[in-house]
Amino acid sequence: MTASPLRHMLAALPLLALALPAALAAGETPAPAAAEPARASTGWGHPIYDIAPDPAVRFGVLDNGMRYAILKNGTPKDTAVVRLGFDIGWIDEDEHELGLAHMIEHMAFNGSRNVPEGEMIKLLERLGLAFGADTNASTGFEDTIYKLDLPRTDTELVDTALMLMRETASELTIADDAVDRERGIIQSETRTRNTFAIRRLKHYLGFVAPDTRYAMRFRAEGTGSIIDSAPGRVLRDLYRRFYRPDNAALVVVGDIDPDMIEAKIRARFDDWTPTPPPTPTPRVDVEKGKVDLARGPAAANFVDPDVPHVVVIDRFAPYVEHRPIIAETDRSRLVALGTAIVNRRLQRIANAADAPIISGRASASDFFDIQRQAQVRVQAREGEWQRALEVGEQEWRRAVQHGFSDAELAEQLANFEQRYRDAASQQDTRRNRQLAESILSTARRDRIFITPQTSYDMFLAHKPEITAKAVSQAFAQHFALSDPLIHVSTKQAIPDAEQTILETWRNSAAQPVAAAQGRDGLAFAYDDFGKPSAIAEDTTIADLGVRTIRFENNVRLNLKFTDFERDRLRFALRIGSGKLALPATEMGQASFLSSVGALGGLGEHSYDELRQILAGHRLTYGFHAGEDQFSVRGSGTMADLPLQMRLSAAYISDPGLRSEMLSRWQTILPPYLAQLDATPQAVARAQVARLVADGNPRFGIPSEADLAGATLDAARRLIVPQFATAPIEISIVGDFDADAVIAAVAETFGALPPRAATFDEWESERVARFTADRSERVLTHAGAPDQALAMTIWPTTDDDDAQEEAAMQLLAGVMRLEMLERIREELGASYSPGASSSMSHIYRDFGTFSTSIVVAPEQADEVFAVIDTIARAFRDAPVDADLLDRARAPLLERIALSRRENGWWLRAIDEAQLRAERLDRVRSYEDRIRAVTPAMLQEAARRYLDPDEALRIRILHESLVP
């Protein structure tokens, strides 16, 4: 259950948009196409003009006003998703109701007329739905959405899902005592989400749109006290006002019979009548406010010790209603192409040696439905916000004054066409969740839901008319905008901030800009890797449906064809032994290679040249340095796979390791390091693994000195020998032509010099020990003072015993359920306590079992005591059978679902030849989970959850530690 500002900001407020000059007169903006009458309307009454909606979606409206939509879809097979949305969010709350829309969302899980408090989650767990993963809800600026992801579509589960949604619609009890118990959970969630990113967003909204409900209601002052004190009757009144059939939309997408689902919806929801009865005007839309267009230029400075240095330039214009017509779609596409070219320019600047910026993005969109907005967002090098502001201002102006070249447009046209084409070819295996949420998003405004093929057809029809001149004009004419509002985030306050920022902007605006220099005529230099190897072995693992091939040079290839994702495949390349083959003192180099290896380019091409040469193809660049392998993982199409193999073979055989790679690393490292103490969780990620492993440098994040000491010479010295001879295993899963895949691999990796037939074991590097010092450790963070993290960690062992690994996985599952019951529901101390078991397959005899709870500092001792009590109970008696079943059922459903997912199969077979013995774990996974008994969990708890072996780690704000 989440309040999700970022999701809604991404949907309605562009994170990144393009600034255009205020000098453009309103008359220069293209006038909307002359209004034409709608030709028809959807089942929700949305007008249809000259773009056809997806005919497969069945839209309807019940007599009580509730809208519904149903779509039969088979990905993943035998599953469905249900979404129930209400038109109520933060902006709908009155002053005495701040935060209560989100609280009602929580109360939906805490008792209704036919489902007692505490039973809804347990009911769903017994049916195989995990809380959080399959059962959730969210509240945003404008809506509240309830979500159920069904792992099966049998009658019992479908009926239960619709019953629970019907209960949510009008039958919630919202009892006073239940409200009181939920207050602490809401406050814990708020506390957990109090990060610099949220604080920055609040400051930003308050600066650019202070007179709008969006700024006034986001993390509004006084929300906490209202959450703590609001009577249940206030929540019940808010619930009755907004949870009405005419204010709701239900969407069901999945492997279902639409006729059956429609009948069930009518039977379940037809009798829903609002209380109190509707009036002629059942609700009045709130006044959302406006951005003051006459206010600029203006500037503001957000200061936080953990925030990256970011410059955002915004301009606004009056809102224009959108209609789903081809003319508007074409005009928007021209602007989007221009924006993509600007983004490519900013990317080149960021990737250059001594780059003044880390990143930059631009776009043009709407600020919700109250204003048109344009924005450029640039992240600066540490402390260099002025240079970033100059880049943003000048690149915007360069694009408007000089437009774009044919070469620049050709690159982006190729990228756009690839995305349209791939989406169209893959539309028959779109995923249920994506479809349901896209359909639901059309409910609030008069939008229509169309197929990817329709989008592709419109692009192809428009393509002959797309020229550099047309894109340049549309881009420059898109908005007649206000003067800029400039928001700058820094770690230290800028003296006389507004004047200093505006002076920097004016000085930049006074500098002339020249047209960008386009580049063309480049061709990929890696066409011939030598003589292809012949196939030495070609066998099939029949029960897994996997074909295994070994070429004469010992490169190995695994193939598994599926129909889960049409015209899409996933691939993994495994090279050598990764970090295990590097000295323990070189872990900083490994991070360097993983983070910016792609930017090193190739011997013949820089990374930016590659992006231009290979435009129009979906490709993965570079490689990753993992614990026991170097790897390349990605997804694409059969059409692009031969090129992907050429690209990856070039990265392995001729890595560029160019100077811009090091320059980029030196640029991104300072802001990364600055955020390692931004929250308790960040501190845990940075420090706890190494602390637990007794200082082993292979664990956790390397020291600042090790990271800063990375060099290109050292990188080349470490990877080139391994890339030259180490084993290579390539796996492809999905929709592909096997003969074409084999040929592509043979001509690239199969043409490389012979590879080792087996891995070096690196036994001396596989040694890891749990720290012998079990005294409590106290670490510090620099985030919100009211946040703490309480961790309890026990040593276990490696994963050699597959059945024991399964038992420990379920022990973590039942531990989490008990923590949710006792720490979340009974104490109200933490929003989302977690437990996990990690039994290493890399380090001998090493593993951990851990719990992690974000709490208020003063509650840490209390939750530590609860963890001790739960662990003692697990040791003293067999786990309750129902508790085990509620942990096991969702896990079994996830396993069954995973076997219908290409990503899972890729992970399952990516070592099918070099680590063939581990395939038995794939075969036996479900059986091992089913075999776990309460007595086995008690035995595991006795063996590993020894109170004398536990290590407590407490992460507190730095001000609380002497």
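Two strands count as paired if DSSP finds at least two bridges between them. I kept that in mind while going through this model, which is a predicted one.

**Strand 6**

I started with strand 6 and looked up who sits beside it. Strand 8 (residues 144–150) is joined to strand 6 by 7 bridges, and the two run antiparallel. In that pairing I found Ala-80 opposite Leu-150 of strand 8. Strand 9 (residues 248–254) is also antiparallel to strand 6, again with 7 bridges. There, Val-81 has Val-253 as its bridge partner.

Next I asked myself which residues of strand 6 point which way. In a regular strand, side chains alternate between the two faces of the sheet. Ala-80, Val-82, Leu-84 and Phe-86 go one way, while Val-81, Arg-83 and Gly-85 go the other, and all of them are buried. Buried here means under 20% relative accessible area. Since 7 of the 7 residues in strand 6 (residues 80–86) are buried, the strand is largely enclosed by the rest of the structure.

**Cis prolines**

I went through the peptide bonds next. Most peptide bonds are trans. Thr-75 and Pro-76 are joined by a cis one, with omega about -5°. Pro-76 belongs to the loop that runs between strand 5 (67–72) and strand 6. A cis bond also links Gly-296 to Pro-297, with omega about -5°. I placed Pro-297 in the loop between helix 10 (258–269) and strand 10 (298–303).

**Positive phi**

Most residues other than glycine have a negative phi. Arg-219 is not a glycine, yet its phi is positive, about 50°. I found Arg-219 in the loop between helix 7 (213–217) and helix 8 (223–229). Its relative accessible area is 27%, so Arg-219 counts as partly exposed. Trp-762 is another non-glycine with a positive phi, about 55°. Trp-762 sits in the loop between helix 25 (738–747) and strand 22, and its relative accessible area of 29% makes it partly exposed.

**Helix 11 against helix 15**

How do helix 11 and helix 15 pack, in angle and in axis distance? I noted about 75° between helix 11 (residues 326–351) and helix 15 (residues 452–462), with the axes 11 Å apart. The range for roughly perpendicular is 65 to 115 degrees, so these two helices fall into that class. On the helix 11 side I listed Ile-326, Thr-329, Asp-330, Arg-333 and Leu-334; they meet Ser-455, Met-458, Phe-459 and His-462 of helix 15. By class, that contact is made of 4 nonpolar, 3 polar and 2 charged residues.

**Two buried helix residues**

Leu-891 is part of helix 28 (residues 881–898) and, at 5% relative accessibility, counts as buried. Leaving aside neighbours within four places in sequence, I have Leu-891 in contact with Gln-809, Leu-810, Tyr-925 and Ile-929.

Not counting residues up to four places away in sequence, I got Leu-573, Thr-620, Val-632 and Phe-749.

Conventions. Residues numbered from 1 in each chain as written. Predicted model: local features only at pLDDT ≥ 70, side-chain atom pairs only at ≥ 80, totals over all residues. Heavy atoms only, no water. Buried < 20%, exposed > 50% of the residue type's maximum accessible area, 1.4 Å probe, protein only. Helix = DSSP H or I, 4+ residues; strand = E, 2+ residues; numbered from the N terminus. Axes fitted to C-alpha atoms, helices over the stretch in contact; angles between N-to-C directions. Parallel < 35°, antiparallel > 145°, perpendicular 65-115°, else oblique. Contact = heavy atoms within 4.5 Å. Nonpolar A, V, L, I, M, F, W, Y, C, P; charged D, E, K, R; others polar.
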